[in-house]
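Student: Could you walk me through this structure, sheet by sheet, and tell me how each term is defined as we go?
Tutor: Gladly; here it is.

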Amino acid sequence: MKKVAFYTLGCKLNFSETSTISRLFEQKGYLKVDFNEKPDIFIINTCSVTENADKKCRKVVKEALKISPEAYIAIIGCYAQLKPKEIAEIPGVDAVLGAAEKFRLVELLDGFEKKSIPQVLASSIQEVKQFNHAYSHNDRTRTFLKVQDGCNYSCTFCTIPLARGESRSDSIANILVSVEKIAGTNVKEVVLTGVNIGDFGLQNGLRKERFADLVKALDQVEGISRFRISSIEPNLLTNEIINFVASSEKFVPHFHIPLQSGNNKVLKLMRRRYLRELYADRIATIKSLMPHCCIGVDVIVGFPGETEADFLETYQFLNSLDISYLHVFTYSERDNTPAKHMDGVVSTADRSKRSKMLHILSDKKRRHFYEQQIGQIGTVLFEEDIEDGYMHGFTENYVRVKAKYDPLLINELKKVRLTSIDANGLMEVEEAETEIVHH
Ligand code: SF4
């Protein structure tokens, strides 16, 4: 029995895909092992958004060869689609598979016999039209379910459309089948993932279904306690979706909404499809219906043309919004993107200074949000994440909670009262009396 190990770089979508590909291997009789258990085959799933994707990929290949010098190494994922030739030149790499080929890995590389030259199987991204469903199954608590792939937007900094192709989705009927399977494995929470999930519903280039209808259909599934929408573009987050989440028992009050810049000139340069006014309106609508809703924000600093004044406008805008945390990205030039050729390049020193300022703002926002939750009753899903006698979990509105380790609590939903914030910024809790009803 050949042993295969997986390594994933990047986002939740990549994790869900690695997980599904690993199950395809298991179905064919391969034994899935950990990275350091001397595998015969390594599958490395790469990311193009990750800073220094090339270096990271080389590093993982080197590590793999240290563990099993004779192993077969195949590289898949976004970076493999973007730069197949460069990757094939990395010493030790046996195969590179693009976006269209990665799910047929086991059949295409049947036997995994090493050849004298690496095999490169990467169709052009224009030919990538098929949707391959995927979901992660790494722990018992949360599953990342892929419902959509690719993107038809053309944000000027982004390589994802080049790496993942056009927007396409699974059908609601198929997704319900997957979710019912997941429900049968005692998973409590499903996180919906995709590249641009608000654009859900395109099948073979035709708009067949809508994200709002997917949300409504999932809400009816028995056996899953919680659904979380991972990240959604502000212009696609409609009142219909917000209203539904506000009234749903299963869709949790947590949104992650990319902003990227709080300055309209920069938003236009980025070719984003909204202005800051729309963004502010989305946040106000959410908070008016769900004051306890957690809202995460993606923001990019140092985009070409972003002056100090533009950045300060973004800073003040974020400061004024009722949001809960930021994911800060420092802009970096990417091949084949229009932004790479734009004027007004921001110095590395300014990029890092702006990033630091927003990291501090993010800590402040998170702290403020956590403080607002003290005294509230929340439901925590405890995970198998144990440290120094404590375990962790998240409330429905994404407050990270710590509690004394109790093996019986793993994968359990527990009603708690949020009491105080510890020195590491984690929420401490006490058991809530059962008669207290959460409004
Ligand atoms: S919406 Fe923009 S940033 Fe997001 S994947 Fe599509 S092109 Fe990239």
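Student: How do S21 and strand S22 (residues 427-431) pair, and over how many bridges?
Tutor: They pair in the antiparallel sense over 5 bridges. Strands pair if DSSP finds at least two bridges between them, and helices (H or I, at least four residues) and strands (E, at least two) are DSSP runs, numbered from the N terminus. Keep in mind that this is a predicted model, in which local features need pLDDT of at least 70 and side-chain atom pairs count only at pLDDT 80 or more, while totals for chains, interfaces and linings use all residues. Residues are numbered from 1 along each chain as its sequence is written.

Student: Which residue stands opposite Ser 420 in S22?
Tutor: Opposite Ser 420 is Glu 428. In the hairpin that S21 and S22 form, with 5 residues between the strands, Gly 425 has a positive phi near 80°.

Student: And what pairs with S21 besides that, say strand S18 (residues 377-387), and in which sense?
Tutor: S18 and S21 are antiparallel as well, joined over 5 bridges, and there Gly 378 faces Val 416 of S21.

Student: Where does Asn 411 sit?
Tutor: Asn 411 belongs to the loop between strand S20 (400-404) and strand S21 (413-421), and its phi is positive, about 65°, although it is not a glycine. Most residues other than glycine have a negative phi.

Student: What about Asn 204, what is its phi?
Tutor: Phi of Asn 204 is near 50°, again positive in a residue other than glycine. Asn 204 lies in the loop between strand S12 (202-203) and strand S13 (206-207), and it is exposed, because it has 10 other C-beta atoms within 10 Å.

Student: Changing topic, what is the strand order in the sheet of 6 strands?
Tutor: That open sheet runs S2-S1-S3-S4-S5-S6, with parallel pairing. Strand S2 (31-32) and strand S6 (119-121) stand at the edges with a single partner strand each, so one side of each has no neighbour in the sheet. At the S6 end, strand S5 (residues 95-97) is joined to S6 by 3 bridges in the parallel sense, and Ala 95 stands opposite Gln 119.

Student: Which helix packs on that sheet and touches strand S1 (3-8) and S2?
Tutor: Helix H1 (residues 12-27) does, touching strand S3 (41-46) and strand S4 (72-77) too, and its direction makes about 175° with that of S1. Helix H2 (residues 53-67) lies across S1, S3 and S4 at about 165° to S3. Contact here means that the C-beta atoms of two residues, placed from the backbone, lie within 7 Å; axes are lines fitted to C-alpha atoms, for helices over the stretch in contact, and angles run from 0 to 180 degrees between N-to-C directions.

Student: And the order in the sheet of 4 strands?
Tutor: There the order is S7-S8-S11-S14, in an open sheet with mixed pairing. Its edges are strand S7 (134-135) and strand S14 (226-229), each with a single partner strand, so one side of each is left without a neighbour in the sheet. Strand S8 (residues 142-146) and strand S11 (residues 189-193) run parallel, joined by 5 bridges, and Phe 144 stands opposite Val 191 in S11. Helix H7 (residues 172-183) lies across S7, S8 and S11, at about 165° to S8.

Student: Why is strand S15 (residues 254-260) described as largely enclosed by the rest of the structure?
Tutor: Because 5 of the 7 residues of S15 are buried. S15 pairs with strand S16 (residues 294-301) in the parallel sense over 6 bridges, and the bridge partner of His 256 in S16 is Gly 296.

Student: Last one: which residues are around the ligand?
Tutor: They are Cys 151, Tyr 153, Cys 155, Cys 158, Ile 160, Pro 161, Val 195, Asn 196 and Glu 233, where near means that the C-beta atom, placed from the backbone, lies within 6 Å of the molecule or strand in question.

Definitions and conventions:
Buried ≥ 20, exposed ≤ 12 C-beta atoms within 10 Å, placed from the backbone.
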